[in-house]
Amino acid sequence: MTDADLAPTVQMPAVQAATATGTHGLETRAVSAWFGERKVLDRVSLTMPAGQVTALIGPSGCGKSTYLRLLNRMHEMVRGAGLAGEVLLDGDDVYAPGRLPASVRRRIGMVFQRPNPFPAMSIYDNVASGLKLAGIKVTHQERDELVETSLVRAGLWTEVRDRLKTPGGALSGGQQQRLCIARSLAVSPDVLLMDEPCSALDPTSTRRVEETIELLRGRLTIVIVTHNMQQAQRVSQRCAFFLASHDTPGRVVESGPTEQLFDSPRDERTSDYVNGRFG
Ligand SMILES: Nc1ncnc2c1ncn2[C@@H]1O[C@H](COP(=O)(O)OP(=O)(O)OP(=O)(O)O)[C@@H](O)[C@H]1O
């Protein structure tokens with residue numbers, strides 16, 4: 001991959017964008033993070049394999065969101081934030097000199113805890129806004145195709161195909177979250193980061209978003225932060241357990257196949273956490 005691949009303004013044929021398979025894995029090597037003087041993550045090394053879902057679990061404040069945000073260079077948007085170590089997308093350093101944060105964020109998209117569509121903007125325009133924000137120029141027809149493909153892949157198309165001109169804010173919370181996923185997919189990212197994407201949703205909407213994650217798996221590499229142990233078991237193939245204490249920054253205690261972490265964890269602290277004995 002060259003920086004030209006990461007250029008923020010690109011001409012992307014709709015067909016290419018719609019059919020791209022994000023088979024790029026992520027890896028961190030000895031990543032540490034600071035807010036000012038305070039170290040909040042200590043030498044986290046993890047592999048997040050291509051096309052799989054990796055769940056980040058652990059008690060509140062152990063650094064899961066910080067870790068997620070440093071993967072696509074959002075951490076550096078906080079004043080005083082510091083970082084050491086390496087983040088590799090398909091083997092390439094996303095912090096390489098000259099690499100633009102915006103271009104990294106186009107390849108590594110993010111969905112947040114609370115659905116954040118543009119409420120007054122139509123469903124169609126919400127999805128298309130992903131393209132506009134990324135500076136991707138397409139024809140009208142390509143845009144129509146991309147909007148449809150993104151909504152299909154986000155599992156929302158059949159629910160909204162007849163009302164694409166209605167405002168995104170008129171959708172239910174769960175539909176809004178899937179709209180945000182569609183907006184992220186429109187720019188054809190390789191990786192999707194999800195920070196507790198269901199914590200503001202009811203159980204039915206949660207199930208629909210989990211089904212969407214299942215639909216996307218294989219095409220995209222997904223990293224999800226969740227406090228819900230059942231959800232981690234349902235959606236992920238790999239899992240990493242983070243832990244911090246008042247005087248120790250967040251570290252990965254254990255990582256591996258989800259089944260192993262839940263059924264036969266190597267570390268007693270992992271066992272205690274996944275069995276609800278603390279946190
Ligand atoms: N913008 C910030 N400025 C200063 N400190 C921060 C900032 N964001 C997070 N922190 C601190 O960094 C540590 C890790 O926070 P982080 O949000 O990454 O944890 P988390 O595991 O995601 O927590 P939760 O599960 O509650 O969301 C915490 O001690 C938190 O107070």
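Mentor: Let us begin with an idea we shall need for strand partners: two strands pair if DSSP finds at least two bridges between them. Please keep in mind that this is a predicted model.

Trainee: Which residue stands opposite Val191 in E7?

Mentor: That residue is Ile108, and the strands concerned, E6 (residues 108-111) and E7, pair in the parallel sense over four bridges. Val191 also has a bridge partner in E8, namely Thr221, and here E7 and E8 (residues 221-225) pair in the parallel sense over five bridges.

Trainee: What do E7, helix H8 and E8 make together?

Mentor: With helix H8 (residues 203-216), the strands E7 and E8 make a right-handed β-α-β unit.

Trainee: Why is E7 said to be largely enclosed by the rest of the structure?

Mentor: A residue counts as buried if 20 or more other C-beta atoms lie within 10 Å of its own. Five of the five residues of E7 (residues 191-195) are buried, so this strand is largely enclosed by the rest of the structure. Both faces are covered, with Val191, Leu193 and Asp195 buried on one side and Leu192 and Met194 buried on the other.

Trainee: Which residues surround the ligand?

Mentor: Among them are Phe35, Val40, Gly58, Lys64, Ser65, Thr66 and Val78. Helix H2 (residues 64-71) gives the largest share of this shell, three residues, and by class the shell has four nonpolar, six polar and one charged residues.

Note on methods
Residues numbered from 1 in each chain as written. Predicted model: local features only at pLDDT ≥ 70, side-chain atom pairs only at ≥ 80, totals over all residues. Buried ≥ 20, exposed ≤ 12 C-beta atoms within 10 Å, placed from the backbone. Helix = DSSP H or I, 4+ residues; strand = E, 2+ residues; numbered from the N terminus. Right-handed = clockwise from strand over helix to strand, strands pointing away. Near = placed C-beta within 6 Å. Nonpolar A, V, L, I, M, F, W, Y, C, P; charged D, E, K, R; others polar.
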